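Student: I have a structure open and I'm new to it. Could you walk me through it?

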Amino acid sequence: GQVALIMDDMGNSLETLEELIALGRHVTVSVLPYGPQAAETARIAHENGLEVLLHLPLESLNNHDIMANTEGMILAGMTAPDIVLSFETSFARVPFAAGTNNHMGSRFTAERDLMRVLLAPIKEKGLFFVDSRTTSKTVALDEARKMGIRAVERDVFLDADEDRGRIRGRLIELFQKARKKGRAVGICHPFPETLAVLRSTFFLLDSYNLEAVPVSRLVR
């Protein structure tokens, strides 16, 4: 079995990246394009053999305060050329990105027409797409596959709610899904509690006979 773990929201600090490298296991690094350390994070991750994603900000149904303070946010009301331009600009800020996954996006990823516009330049660049599944109404994976883009969706969020005490249980859930299905994708965030769980528990994938892999190994 194979596990791909994606660390979202990277690019604001290099400290988290150092911790991920120290784990000695593969974690895919997803970089916010306008983070102050975005390019440096991508470069160091790449140099240390970690796969890099563009963590692309897309409009959500809520989180309006966060959206207002997130540079590079792609909104549902944008014209098709503006969506493409915004994507291109963000992509240029994250060197070595092999694919992209959505940051937020519960509104955007539920709209087929919008996703087709966004996925066109992703296909053109030969990138893959990871649907973070921030809404049950997402059509992102379906549209990507229809367009012939290699894609996969998230199976488990380790730390999506306020209860940080559940992170270890979610990591074990990820391992169990991977053992049952042969593959599973987890997403987490650079919270101190998440990093502590990874330090103490990520190595247990060995006892589940699982391999930590770049998420590109799981796209189809």
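This is a predicted model: local features need pLDDT of at least 70, side-chain atom pairs count only at pLDDT 80 or more; totals for chains, interfaces and linings use all residues.

Student: OK, how many residues does the largest nonpolar core have?

Tutor: The largest nonpolar core has 57 residues, and those with the most contacts inside it are Leu-20, Leu-118, Leu-158, Phe-175, Leu-198 and Phe-202. A nonpolar core here is a set of buried Ala, Val, Leu, Ile, Met, Phe, Trp, Tyr and Cys residues joined through side-chain atoms within 4.5 Å. Buried means under 20% relative accessible area, exposed means over 50%, and partly exposed is in between, using a 1.4 Å probe and protein chains only.

Student: Which helix gives the largest share of this core?

Tutor: That is helix α7, residues 167-181, which supplies six residues. Helices (H or I, at least four residues) and strands (E, at least two) are DSSP runs, numbered from the N terminus. Apart from this core lies another, of 13 residues, among them Ala-4, Ile-6, Val-130 and Val-185.

Student: What is Leu-20 in contact with?

Tutor: If neighbours within four places in sequence are left aside, Leu-20 is in contact (heavy atoms within 4.5 Å) with Met-7, Met-10, Arg-25, Val-27, Val-29, Leu-195 and Leu-198.

Student: Back to α7. Which of its residues are buried, and what do they pack against?

Tutor: The buried residues in α7 are Ile-167, Arg-170, Leu-171, Ile-172, Leu-174, Phe-175 and Ala-178. The buried residues of α7 pack against the strands β1 (2-10), β7 (156-157) and β8 (183-188), and also against α8 (192-201). Just after α7, Gly-182 takes a positive phi of about 95°.

Student: And α8, where do its buried residues fall?

Tutor: In α8 the buried residues are Thr-194, Leu-195, Val-197, Leu-198 and Thr-201. Seen down the axis of α8, they fall within an arc of 160°, so they line one face of the helix; the arc is that of the directions from the helix axis to the C-beta atoms. The buried residues of α8 pack against β1, α1 (15-23), α7 and β8.

Student: New topic: how many salt bridges are there?

Tutor: A search of the whole structure finds 18 salt bridges, where a salt bridge is a side-chain nitrogen of Lys or Arg within 4 Å of a carboxyl oxygen of Asp or Glu. In one of them, Glu-40 pairs with Arg-43, with the closest N and O atoms 2.6 Å apart. Both residues lie in helix α2 (residues 38-47), three residues apart, about one turn of the helix.

Student: Which salt bridge links distant parts of the chain?

Tutor: Arg-112 is in helix α5 (residues 112-124) and Asp-142 is in helix α6 (residues 140-146), 30 residues apart. Lys-146 also forms a salt bridge with Asp-142, here with the closest N and O atoms 3.5 Å apart. Salt bridges that share partners join Arg-112, Asp-113, Arg-116, Asp-142, Glu-143 and Lys-146 into one network.

Student: Last one, the rings. How many aromatic pairs turn up?

Tutor: A search of the whole structure finds three aromatic pairs. Rings of Phe, Tyr and Trp (its six-membered ring) pair if their centres lie within 6.5 Å, and planes under 30 degrees apart count as stacked, over 60 as edge-to-face and the rest as tilted. Phe-87 and Phe-91 form a stacked pair, 6.0 Å centre to centre with 20° between the planes, and both lie in helix α4 (residues 80-92). The rings of Phe-175 and Phe-202 have their centres 6.3 Å apart and their planes at 25°, so this pair is stacked.

Student: Where do Phe-175 and Phe-202 lie?

Tutor: Phe-175 is in helix α7, and Phe-202 is in the loop between α8 and β9 (211-212), 27 residues apart. Both are buried, and ring pairs link Phe-175, Phe-202 and Tyr-208 into a cluster.

Notes
Residues are numbered from 1 along each chain as its sequence is written. Side-chain values use heavy atoms; hydrogens and water are left out.
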